[in-house]
Amino acid sequence: MNAPATETRKFEAEVAQVLHLVTHSLYSHKEIFLRELISNASDACDKLRFESIANPALSAGDSELHIDVSWDPDARTVTIRDNGIGMTRDEVVANIGTIASSGTKRFLEAMSGEQKADARLIGQFGVGFYSAFVVADKVTVLTRRADAPASDGVKWESDGKGEYSLEQTELAERGTAVILHLKADEDEFLKRWQLRQLITRYSDHVAFPIRMPLEKDDKPTDEFETVNAASALWTKPKSEISDEDYQSFYKSLGHDFNDALAWTHNRVEGSQSFTTLLYLPSQPPFDLMMGGRDERKGLKLYIKRVFIMDAAEELLPNYLRFVRGVVDADDLPLNVSREILQQNRQLERIKAACVKRVLDLIEKLARDEPEKFAAFYKAFGNTLKEGISEDANNRERIAKLLRFASTKGEGSAQTVSFDDYIGRMPVGQDTVWFITADSYAAAIGSPQLEAFKVKGTEVLLMFDRIDEWMLGSLSEYSGKKLQNVAKGELPLDEADKKKQEESAKEAEPLVKKLKDLLGDRVGDVRVSARLTDSPSCLALSDYEMAPHLARLLREAGHDMPENKPTLEINPQHALLKRVEAEADEAKAKDLATLLLEQAEIAAGAQLPDPSAFVQRLNRVLLG
């Protein structure tokens, strides 16, 4: 059954929300609309060029793809027209009237959360078309798909307030025209020089000619000129590309207002030839901040300068998902599909080259530009750490780039590398010591550090949520064992060992008393070699998860096994002396339980019964 010739529909709720936010909140950078509509037009031309490989008839009679930007001062309109693939009626509804992808929902979550309304979000979530309503109080779209007859053109129109109309119309030419009926106070966009300046700033490196009418007597004429570079920047020799060119291309590629932090541009020749131009952003892209491990974009695959697809998932591992750029291969088949891509050996070589180039670039920053590296690490350090688990081939290279706070560092600043630590290790030390916690304060204040502080042994302080998980895949670095100060038995020299054995023997009655008092709350009680000032701490087995991570996973809804902790005590501490001397069993049990609970709190564990803890503490304080 055919769709009616003309109908009025309501926007889906999510689209209505997007439109409301866009039209009422995005006052800064409102010229973003032109970049986004040109970007959409470029995508349409890319799709036609790609589909024409298999079906040349699609572009017959009009094979020179281009984008026209025109204005009409009398009608107060700006029109962005392309002769790309065009859309059917159903595609118009799917792409404009409904929630086309999870990107729209993520956009809404970002805009309505703590993040203030920000035009940078627009392009990154695939909702760029709606930016037209920032400057227009009505938008008209005329479109016809390349393989449809002229009678199957579609007219879409809306004022952005909740409804849109659809109408079948005769269109002689394929492609899409977006006509913006400008708001009363947007006269600046009716000036040729202003539109051209925006095209130069945001869209100069779009790979299709962007044309504008020449002007005569302040009026547009029927004669067009190309106003952008219209070339694949990455195909030029590096010597011909300025830093400004690289930055301009990055901004159009990544929908970003900020400059890129660094980039690497390389051409590989040989049995398989390809070009890579890869960028490190200066700030996390919003899809990264919102957990965008799925549906990743940002790395575009071209074959002989024909855009094939967003191929970040095929060309970069997850832990490098912040990278933006292009890869242009000479040797892949032009009709390659995503399924073929995933099984293509040539692509594996390109992927390995991309990873190598990115890690080379980060290493160069670390070596030559410490301030830029510090900015990079602050933005992407935790994402990079995922590579320790995900990329065994490059684990050592990634580990070399990691930075941590340290007991010999400057406060909570994460500036100490594994190499820095190893370079300071005294003769005879063969272990890199570290502690994990859920904050810097918890790490530096941990009782498990006391023996190390007394001996002057440096300990790396790891307090990012990912650290404990990451270290499950990193047991050594550069031939040195990595060891958590809270796990296993501490290695002792002969004198310390003898002293420890004597202390343990002397405290046997106290240890037995504590085991009896604590019962099944603990797995074991023993005299600690770690403690010098604190009365107690938890000790973990080598393969036991740190309590703070177990707590976070439990809070996230994961079922975690209940491990009975090992309580280590300092028998010389006054509190242990008090337990030892306490004859009243109820009071002794309160004291013993508090010793365990304060050790659990210091380790970041969750108390099983906070209310009982408070009551117990009050009883002890009141004597």
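Reader: Why is helix 21 called roughly antiparallel to helix 22?
Author: In this predicted model, helix 21 (residues 574–581) and helix 22 (residues 585–602) pack at an angle of about 150 degrees, their axes being 9 Å apart. Angles over 145 degrees count as roughly antiparallel, so that term applies to helix 21 and helix 22. The crossing of helix 21 with helix 22 is left-handed.

Reader: Which residues of helix 21 and helix 22 meet, and what is their class?
Author: Leu 575, Leu 576, Arg 578 and Val 579 of helix 21 meet Leu 591, Ala 592 and Leu 595 of helix 22. These divide into six nonpolar, no polar and one charged.

Reader: What makes helix 19 and helix 22 roughly perpendicular?
Author: Helix 19 (residues 508–518) packs against helix 22 at an angle of about 90 degrees, with the axes 9 Å apart. The range for roughly perpendicular is 65 to 115 degrees; helix 19 and helix 22 are therefore described in that way. By class, their contact has six nonpolar, one polar and three charged residues. Among them are Leu 514 and Leu 517 of helix 19, and Glu 585 and Lys 589 of helix 22.

Reader: Which residues have the most contacts inside the largest nonpolar core?
Author: They are Leu 280, Leu 320, Phe 376, Leu 384, Phe 418 and Leu 460, in a core of 69 residues. Helix 11 (residues 345–368) supplies the largest share of this core, ten residues. Another core, of 53 residues, lies apart from it and includes Ile 32 and Val 69.

Terms used: Residues numbered from 1 in each chain as written. Predicted model: local features only at pLDDT ≥ 70, side-chain atom pairs only at ≥ 80, totals over all residues. Heavy atoms only, no water. Axes fitted to C-alpha atoms, helices over the stretch in contact; angles between N-to-C directions. Helix = DSSP H or I, 4+ residues; strand = E, 2+ residues; numbered from the N terminus. Parallel < 35°, antiparallel > 145°, perpendicular 65-115°, else oblique. Left-handed = near helix turned anticlockwise from the far one by under 90°. Contact = heavy atoms within 4.5 Å. Nonpolar A, V, L, I, M, F, W, Y, C, P; charged D, E, K, R; others polar. Core = buried A, V, L, I, M, F, W, Y, C linked by side-chain atoms within 4.5 Å. Buried < 20%, exposed > 50% of the residue type's maximum accessible area, 1.4 Å probe, protein only.
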